[in-house]
Amino acid sequence: MSGHNSSDFHKRITLAGSLIAIGIVFGDIGTSPLYTLNAVFHHKVITEAIALGSLSCIFWTLVFQTTIKYVLITLQADNKGEGGIFSLYALVRRYSGKWLVFVAMAGGAFLMADGIITPPMSVSSAVEGVQAVVPGFDTVPVIVGILILLFMFQQFGTDKIGKVFGPVMIIWFGFIGGIGVMAIGSNWEVLRALNPYYAYQMLVNEPKGFWLLGSIFLCTTGAEALYSDMGHCGRNNIRFTWIFIKVALILCYAGQTTWLLDHVGEEVGGLSPFYQIVPKSIFWLALGIATLATIIASQALISGCFTLINEAIRLNIWPKHMVLFPSNVKGQLYIPAINWFLMCGCVGMVLYFKESTKMEAAFGLSVTLTMLMSTILINAYLRIKRVPFIFNILITGIFLAIELSFLSANLLKVKEGGWITIILGLSLFAVMYIWWRGRQIKSNIQSFVKLSEYLPLLTKLSTDENLPKYATNLVYLTTSDSEKKIEKTVMDSILKFGLPKRADIYWFVHVNILDVPYGQEYSVDTVIRNDVYYIQLDLGFREDPRIGYYFKQVVNDMLENNEVDAEESFEQAYQQNKIGDFKFMIMDSFLSYDNRMPFWKNFIMKGYYNLRYLSVKDYINFGLDKSHIETEQYPLVVVPFAENKLERKIQM
């Protein structure tokens with residue numbers, strides 16, 4: 001998507017784009033009325049001040065966090081049409097401090113943790129409504145069954161079923177707005193709570209009023225999805241449909257608050273205020289729609305996690321995994337390892353907490369931490385856009401104040417289950433850090449040599465018929481971003497590891513991952529015609545790196561442009577092609593025993609190589625057919641072991 005097309009895409013408001021926005025983007029935030037007020041009042045005595053104060057806080061949280069921060073400001077920060085925390089990081093990293101990588105890692109880690117807690121939280125809050133009709137009904141097996149089916153379905157893609165997401169969610173938002181209006185009845189005075197005075201009164205004057213923010217914050221969970229899914233439906237479609245979504249949400253919350261005001265002095269039991277305002281005649285219909293809506297919300301977040309990890313892989317801050325494309329829909333991914341990891345995490349959450357009200361402590365904490373990280377990155381973006389310093393500080397200062405308040409309230413719930421989110425987030429952050437730092441250490445000790453010094457040897461080797469031919473075309477994947485230098489290990493592979501590898505043509509291919517999501521370009525440097533070529537493939541960080549396919553395409557282009565001669569040879573006569581066979585060499589390192597590293601560096605490097613062992617092999621990651629590749633291993637010495645010296649015994 002070019003910059004011009006991206007701009008047009010985001011300006012347009014279309015029926016299809018609006019349907020996608022309602023179906024994918026708002027699923028998470030749209031199901032929050034199921035559990036937000038229930039979390040605030042669960043097994044608590046209802047008071048008028050807290051009921052009106054909660055509605056006021058919900059309204060102003062949606063105004064500041066969702067509308068102003070995400071819908072108006074953050075959606076402007078599109079990276080060639082795409083959004084999300086890693087897209088934002090890729091957008092600002094060239095202009096800002098290197099420390100921002102830690103902010104991006106933390107944001108991505110806690111967003112993944114959110115992906116583990118959101119599906120069980122959403123589905124549980126819907127299914128638990130059954131207990132209103134069948135008291136004591138054990139919902140855990142049903143919830144686990146729904147989640148397992150949901151994750152098993154991922155491998156087939158959501159191309160067909162995705163088309164019904166929009167209509168189902170329109171019905172859902174119409175439904176929650178409708179039952180909200182019915183619950184309000186003639187008591188429209190409840191909307192006086194939109195006055196921020198009621199929020200202030202609750203937070204300042206009510207005992208423990210401030211700490212209720214931890215539960216109130218649940219109303220804005222899913223706001224990050226607005227940004228992450230921007231590339232699917234366009235900025236203006238999200239902004240346009242948000243008006244309808246926000247009205248439906250406020251009406252539903254107002255309806256629940258009306259019910260709360262009618263029951264002041266009573267205790268909210270096991271049934272959520274949401275189900276309390278549903279007319280009994282349509283209870284089962286409501287339960288079915290709510291369950292469908294939560295499944296769709298979970299599906300959107302799972303897809304978002306796949307996209308998030310794919311971007312992290314391309315940006316070299318997550319171990320490589322097999323990425324599959326189950327349908328023809330651009331941007332739709334399936335990562336088996338992540339899918340089953342998320343499934344185990346979600347099922348584990350259900351089995352541990354058993355009830356949605358017990359999950360909210362873990363839920364709110366992960367979202368708050370993700371939002372804090374995105375605020376820091378937005379500050380960097382506003383600086384790049386030369387927004388006046390005073391406005392930048394004012395904007396990010398307001399968001400940081402709000403989010404730090406929510407974080408403080410959520411930290412109170414660490415003992416109640418928030419500790420799971422912290423452990424999950426920190427574990428995922430540790431994986432990112434070890435992978436990123438391990439790659440950095442490895443690349444820092446990678447030695448390069450001048451290619452020009454080896455060209456006479458390569459030319460001579462290419463024509464030396466005394467040596468057996470290793471391949472007609474020998475292709476090395478190189479980390480060098482210039483045709484003037486090459487890894488010493490690559491030259492050692494050609495000249496020193498075993499017999500010298502004779503080939504008609506030596507190709508050095510460098511894959512450059514761009515800071516933009518989509519792009520497929522290449523450049524060729526003819527080092528020695530018909531002997532040595534250097535190719536650079538420029539790929540967007542969301543592109544599928546089919547290196548073998550792209551390489552053959554480049555070679556065919558070169559043949560057509562007479563940049564390489566297709567000389568008739570003995571092998572080619574049998575192979576019946578113009579250029580002969582290809583062999584891709586993958587250079588794979590292992591940690592040498594000849595290392596004496598300090599404890600921390602040793603921990604990082606051992607962790608890095610363990611993650612490499614668990615991650616997908618390089619040839620799969622690069623999209624190379626196994627029949628065309630050969631892997632060559634070499635020892636990596638980070639800190640040479642040079643302390644002990646053997647002494648020769650003197651013979652008497």
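I began at Asn-316, which takes a positive phi of about 60° just after helix H16. I kept in mind that this is a predicted model, in which local features need pLDDT of at least 70 and side-chain atom pairs count only at pLDDT 80 or more, while totals for chains, interfaces and linings use all residues. Residues are numbered from 1 along each chain as its sequence is written, and side-chain values use heavy atoms, with hydrogens and water left out.

**Helix H16**

I then looked up H16 itself, residues 283-314, whose 32 residues reach 47 Å from first C-alpha to last, close to the 46 Å expected at 1.5 Å a residue; the expected span is 1.5 Å times one less than the number of residues. Helices here are DSSP runs (H or I, at least four residues), numbered from the N terminus. Of the 32 residues of H16, 25 are buried, so the helix is largely enclosed by the rest of the structure; buried means under 20% relative accessible area, exposed over 50%, and partly exposed in between, with a 1.4 Å probe and protein chains only.

**H7 against H16**

I noted that helix H7 (residues 100-127) packs with H16 at an angle of about 170°, their axes 9 Å apart. That makes H7 roughly antiparallel to H16, a label for angles over 145 degrees, where axes are lines fitted to C-alpha atoms over the stretch in contact and angles run from 0 to 180 degrees between N-to-C directions. The crossing of H7 and H16 is left-handed, that is, the near helix is turned anticlockwise from the far one by less than a right angle. Among the residues making the contact (heavy atoms within 4.5 Å) I listed Gly-108, Leu-111 and Gly-115 of H7 and Leu-287, Ala-290 and Thr-294 of H16. By class, the residues of this contact divide into 12 nonpolar, seven polar and one charged; Ala, Val, Leu, Ile, Met, Phe, Trp, Tyr, Cys and Pro count as nonpolar, Asp, Glu, Lys and Arg as charged, and the others, Gly among them, as polar.

**H17 against H20**

I turned next to helix H17 (residues 336-353) and helix H20 (residues 414-444), which pack at an angle of about 165° with their axes 12 Å apart. That makes H17 roughly antiparallel to H20, and H17 passes H20 in a right-handed crossing. The contact includes Phe-341 and Met-349 of H17 together with Trp-419 and Leu-424 of H20, and by class it has eight nonpolar, one polar and one charged residues.

**Single residues**

I found Asn-410 in helix H19 (residues 389-411), buried with a relative accessible area of 0%. Not counting residues up to four places away in sequence, Asn-410 touches Gly-214, Phe-217, Gly-364, Leu-365 and Thr-368.

I placed Val-616 in the loop between helix H25 (599-614) and helix H26 (618-621), where Val-616 is buried at 14% relative accessible area. Leaving aside neighbours within four places in sequence, Val-616 is in contact with Lys-320, His-321, Met-322 and Asn-621.

I also looked up Lys-208, which has a positive phi of about 60° although it is not a glycine; Lys-208 lies in the loop between H10 and helix H11 (213-216) and is exposed, at 70% relative accessible area. Asn-562, likewise not a glycine, has a positive phi of about 60° and lies in the loop between helix H23 (547-560) and helix H24 (570-575), counting as exposed at 55% relative accessibility.

Methods
Helix = DSSP H or I, 4+ residues; strand = E, 2+ residues; numbered from the N terminus. Parallel < 35°, antiparallel > 145°, perpendicular 65-115°, else oblique.
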